[in-house]
Amino acid sequence: MALPSLHGNRLRVVVLGFNLYWALSLYAFPGSFSLSTYDGIRPYLPWLSASFLAGALALILLIRYQIPHVGRILAACVGAAPLLFVAAYAISVSSWLGALNYAAMGLALLPLPWFPAGGERREGRTRYLYPAVLGMILLGTALLAWLVPSSLGTPETTFIRPNRLLVIGSGLAGAVALLLPHDEGRISLWRAVSAAVLPAFLGYGFLRGGAYSGGVWLIHAVGVLVVSRPLFVERRPFPVLGAEVKADPLDAGDQHVELTTWLLVAAVVFLRPVEGEAAHTGPESILFVLLMSGLNLLRWLFPSRLSQARQLLWHLSGVATATGLFLIGLGHGDALFAPVLILLPILAARSLGQQAAGQVLAAGVGPLLIGSLLASHQMQKLYPFGEGVVTGTVVTAISLIAIRSVVQQRRQLKELEMMSRVSGALRQSLDLVPLLQATVDELGRTLETSRCHVWLIDSEGVCTATAEYAAPGVRPIGVGFQVHLSTIFLSEHAHGVVQVADIDAHPLLGGPGEALRKSLHQTGVRSFMAATIRFDGDLIAAVTFHQCDGLRAWQREEADFLEAISGQIGLAIAHADTHAKLVTSYQDLQAHGEELIAQQEELAAQNEQLTTKSQELEEAQEKLSNLVDNLAGLVYRYVWRGNWQLEFLAGTSLELTGYHLNELPKGAFLSLSLAEDRLSGEAELARAVAERRPYAFEYRIRTREGQIRWLLTRGRALYDQQGAPRAVEGIVTDITDRKLAEESLAQVSRENRLLLTSAGEGICGLDSAGKLTFVNPAALRMLGQQASDLLGQPIATMLHPATKPGWDECPVGKTLREARPHSGQALLQRRDGTTFPAEFVCTPKGEQAEGAVVIFRDIAERQAVERMKNEFISVVSHELRTPLTSIRGSLGLLNSGKLGSLPEKGQRMLQIAMQNTDRLVRLINDILDIERIESGKVTIHKANCDVAHLVAQAIEVTQPVADKVGVRLETRVDSTPLRADPDRIIQALTNLIGNAIKFSEPGQAVRIDARAAGGEIHFVVQDQGRGIPAGKLESIFERFQQVDASDSRKKGGTGLGLAICRSIVQEHGGRIWAESEAGQGSSFHFTLPLHREAPLATPSLPATDQHGGRSSSPRGG
Amino acid sequence: MSTKRVLIIDDEDDIREVTQVTLETVAGWQVLTAPSAKAGLELAGRLQLDAILLDVMMPEMDGPTVFAHLQVDERTRSIPVILLTAKVQTSEVRRFRELGVAAVIAKPFDPIFLADEIALILGWS
């Protein structure tokens, strides 16, 4: 039964041993317990024993089974309880040292934070529980012995008291060695410290306590060194009870330390004992020490000879040591001190191997009970002899069984190791001879034989030595040596293993076998062993071992091992044979293979070419694929297999149709098309394929979302050798946007055309050279021309030849050069040679005048009307005034009284007639005036004049009227040059001043100001009259609008004066307005621009660019 | 102030008569009249005149033409001519003035002030 790993349980195992020991010893030797001399504890000794047993059982449970956490705590508590109890009791009897030891061990069992279970990894180093606890115990012991000497107990109960300094020094040394951290570089230092300090205290112990005390402490110190040494040397887990030790701890170094120790102890024993202590050292003790030391000495002297019994002997020495020490402790009358000493060899024994429980029993409990047997014999007064013998025998038997199990286990381990090595050798090669050589070397060395051979056996039974091992100093018989099968196996029927321990004593080697025995003698063989090697049941080889340096009793285990290993050897031989055959076959094949290789190389070259091509194709395919995926459309290919089948389709179907590629209905996008488009598309496709030309047609589809999209497909058909179409491939693109734009454009174009064709004006488009690019129907109609005759011709062809101006003066030319509009009138010529006057405006096309648009209209009719109007005005002017002249003159004469006086009423009537005649005259004058001004028939004759002069003239005209009604005229006018029509400005001023006078009361003043400001001259005519209501300030400038309807009669106004003023001011580019507050008088303002260019001429004001002016003006004659 | 001799050339009988009466009555001048341009020119060439009042709009020959004839004839060149016109447009008034006439008086005129105006224009104080 394999135990679980003891990692983390080391201390518990140790304490388990203590618990068992104490339980048993208290039961067996209650008197040996030093504390039992005190009356207080004696009645409880059986209970204490039971308690230790319970603690041991609890620890077994704790170590062996993975009990739950709470259970572990309980078990640890139960296990620690007796120790703590003892510690408490030790305190009560002032044995502080004992109390510390027991308490530390008890506490170490408990799951307390300062006693972590197992190794703990901290700051890169692993600390282990046991060395730590041990070190702490040693440190505590030293401190306690130093500071509190009484803690060592009374002189009657302990022998340690006289050796207090020794206790302190060795405790400190051990604590330093165990507790302080140890790095690689400090290993030798700590060992040096331990090695130097401990002997020093050893010497001290001799001086003060005698040889016996020195020996005890020496043992103690060496034990510390031994248990802590692996930590220093290899930084590996502490070996006590651990499962991780691989190297044999009993190698030379430790053996020498141990041997030296026991030799020293033996010397101590024979030295003169200290007074009072020698009495306790009986002959049994001396005997055991001598026995143990002798065994160790033998082991040291003859290591190879003792190899097989080595472990057993060593354990026996451990048992003896423990027993001896126990006896020594017992001799002091303190049975409980013995286990402290026993602990150290136990720990050393623990480092042997893996099986903890058996070793604890063997190294700890077993020796203990053997010791107790002997002790009971010596101290019969304390315990019956027979009972001690029985108990000791039983436990010793258990110990021996345990030891045997340990030995057996180690042997198995060794065999496994050997098997592994031999197997390794067998696997090293496929060549038979080196393989077998390696095997025999390994087997020979492992079994420590003189010779080892492997023989290959042929079908005749002849065995040939194929590999040979010979130990140093042994003569080899030589490879190639041949014997018969029967010589090896002593029989014709070889099977299994033959073992001969002594050739002289073997029955088959006597008589007929005598010759064979002699031949064996010649080669020095004393014992031998042989085994068959078979493969698939056939005997193919044999392996033999010779022992020449003495007789050898072959072990059954060795036979078993050989049988096991021979199977492997057989397998290896068979494999090697197969391998050799294979090599031959391979060589045959190789020749053939070379041919094949040549062919293969050729193929490889071709393959490489193909691979390259394939990669190129793949790249091209990928490029194409990327291209198609990014294409705003689809690429397709149909093939003819009785009907057209879609072979390839790629592209951005989703955006185009709303369907994913794989969702497209069969027949792809054409099936999505509207029915009317599909028919025409298919017809076009069929025609194109038949005529062997590329096709392109547009059609509409309905997308998944129900939208209508325009698609354009373009493609061509591919034909087979017979000329039949075999495939159609092409591309589909979305032209919806284009179609929409086209429709929109067409719409605009239609509207534009409609506008142009419907327009009454003639509209011509010109290019930058002045050539006609467009003539609308109205223009063609007016000119009586065909579009084809005009387009591309210079616009001048439309003109009457006699009136063609030079290009420099031509408004069209100016427009094209200056990129701004010009206008004018011209005489155009019809196709039949007749002419008509036209008014036109020429506008540049675009900011850079990439051409021009000329819009013209026939003004012949308008000119005729104007002529008639002018004539009418002339007639009205003359025909109305002529009779008025007679009436007015006659009335004036009569009224003057020059022709005789009239009665008063007659005179009054005459005045009424005269006043109304005057009013009629003014009315006629104003009507004519405004009509002519507003219809543009009055020419503004601008001249350089002076504002002050103009105002003076106006005042001169109005002064008589003002004087007549008693109104003052006041002026303050700057002399400012002005370019204007003086007559018109005077007329306006006169009107305004006249108005102001009319609405002024006698004695009031009319003020006339004129000032230049902001690039214009500002005229103000201000009166102090009744003012104008705010609502009328604007309307008074309209015709026949007066503030009061009665004014026209009262004031004799016509209601046209302000309208005339406004017309005049506006014709000059100025502004006119009125300001007033009722009752506060009113002021009339107008402005005229100073130094400003004349505004751009408009068609209605043909003052400039009269390019046809020489003949077309109707007013010129 | 000696009595002035003034010729009125106007095809309008009423205007010719009213004007004659006015000037004779108000100013006491000797007023001759001619009902047509032709008659006027004949009188002007034959008689010693201080001024001629000439109507603009006349059949056969208008005022400006008559004035041109008067300027051509040595005998009549120095006679001041005042145009009487029913056309009151400024542009025409300006045109008439530019012909070289002494003055342009618009019809209808106030008979009371007509003689004064003529006298003022011609410097007859």
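# A tour of chains A and B

Start by selecting helix H20 of chain A, which is hardly covered: of its 23 residues, the count that are buried is zero. The model on screen is a predicted one. H20(A) runs over residues 736-758. From the first C-alpha to the last, this helix reaches 32 Å, close to the 33 Å expected at 1.5 Å a residue.

Next, move along chain A to an open sheet of five strands. Its strands lie in the order S20-S22-S23-S25-S24, and the pairing is mixed. Colour S20 (968-973) and S24 (1072-1076) of chain A: these two stand at the edges, and each has a single partner strand, so one side of each is left without a neighbour in the sheet. On average, neighbouring strands of the sheet are turned by 15° against each other, direction ignored.

To look at one bridge, select Thr971(A); its partner in S22(A) is Ile1008(A).

Now show both chains. Where they touch, 22 residues of chain B are in contact with 21 residues of chain A. On the chain B side, select helices H1 (13-27), H4 (90-98) and H5 (111-122), each of which supplies at least two of the touching residues. H1(B) gives the largest share, eight residues. Finally, colour this side of chain B by residue type: eleven residues are nonpolar, six are polar and five are charged.

Methods:
Residues are numbered from 1 along each chain as its sequence is written. Chains are lettered from A and ligands numbered from 1 in the order in which they are written. This is a predicted model: local features need pLDDT of at least 70, side-chain atom pairs count only at pLDDT 80 or more; totals for chains, interfaces and linings use all residues. Two residues are in contact if their C-beta atoms, placed from the backbone, lie within 7 Å. Helices (H or I, at least four residues) and strands (E, at least two) are DSSP runs, numbered from the N terminus. Ala, Val, Leu, Ile, Met, Phe, Trp, Tyr, Cys and Pro count as nonpolar, Asp, Glu, Lys and Arg as charged, and the others, Gly among them, as polar. The expected span of a helix is 1.5 Å times one less than its number of residues. A residue is buried if 20 or more other C-beta atoms lie within 10 Å of its own, exposed if 12 or fewer, and partly exposed in between; C-beta atoms are placed from the backbone. Two strands pair if DSSP finds at least two bridges between them. Axes are lines fitted to C-alpha atoms, for helices over the stretch in contact, and angles run from 0 to 180 degrees between N-to-C directions.
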